[in-house]
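Biologist: Could you show me, step by step, how to read a sheet, a core and a single residue in a protein model?

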Amino acid sequence: MLAVLRAQQLMKSMKDSILDEVYTSNFPDEEVDDTSRSVALITDVRSDLELPGNDDFHAQNKEVEVQIYYKLDGDDPDNFETNLKHLFVQNGWVMTDNRGHTVDPNTQQLTVTFYFTYFEIEN
């Protein structure tokens, strides 16, 4: 399964999520300037080949970037982000980077970016 789809399914299953939608690859046009909703965008970063042997590989480390755009005047996202990190780690992902909070210069929305990796053994 594509890592972005695996991550999307996981995030959509999250209880008490403050996200209105979770997208993969890109935002639809109508979502780009909408500051009334909290949304996430999951994109592929890379797939590294692992477990080499017999002139082949037998696993992959699949990394995704999770960008979250919080609605304007929304609640403090700290608890949500902590729960999100727990959700990924408890489901076999490793958090490889946290780029911290920034403010989108165009929409003034608070944003955060996380990187997660999933180790998948090939069948």
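The conversation below goes from the sheet to the core and then to one lysine.

Modeller: Please keep in mind throughout that this is a predicted model.

Biologist: In what order do the strands of the open sheet lie?

Modeller: Strands of a sheet pair through backbone hydrogen bonds, either parallel or antiparallel. Here the open sheet has 5 strands in the order S1-S2-S3-S5-S4, and its pairing is mixed. Strand S1 (21-24) and strand S4 (93-103) are the edge strands, each pairing on one side only. S3 and S5 pair in the antiparallel sense over 11 bridges, and isoleucine 68 has valine 112 in S5 as its bridge partner.

Biologist: Which residues have the most contacts inside the largest nonpolar core?

Modeller: That core has 23 residues, and those with the most contacts inside it are Met11, Val64, Ile68, Phe88 and Trp93. At least two residues come from each of helix H1 (3-12), strand S2 (39-50), S3, helix H2 (78-90) and strand S5 (110-121), with H1 giving the most, 5 residues.

Biologist: Is lysine 62 buried or exposed?

Modeller: A residue counts as buried when its relative accessible area is under 20%, and lysine 62 is therefore buried, because its relative accessibility is 12%. Lysine 62 is found in strand S3 (residues 59-69), and its side chain reaches the backbone oxygen of methionine 1 at 3.4 Å.

Biologist: What does lysine 62 touch, beyond residues up to four places away in sequence?

Modeller: Its contacts include Met1, Arg46, Trp93 and Glu120, while tryptophan 93 is in turn in contact with residues including Lys62, Val64 and Phe88.

Key:
Residues numbered from 1 in each chain as written. Predicted model: local features only at pLDDT ≥ 70, side-chain atom pairs only at ≥ 80, totals over all residues. Heavy atoms only, no water. Helix = DSSP H or I, 4+ residues; strand = E, 2+ residues; numbered from the N terminus. Buried < 20%, exposed > 50% of the residue type's maximum accessible area, 1.4 Å probe, protein only. Polar contact = N/O pair within 3.5 Å; in protein donor to acceptor, adjacent residues only side chain to side chain. Contact = heavy atoms within 4.5 Å. Core = buried A, V, L, I, M, F, W, Y, C linked by side-chain atoms within 4.5 Å. Pairing = 2+ DSSP bridges.
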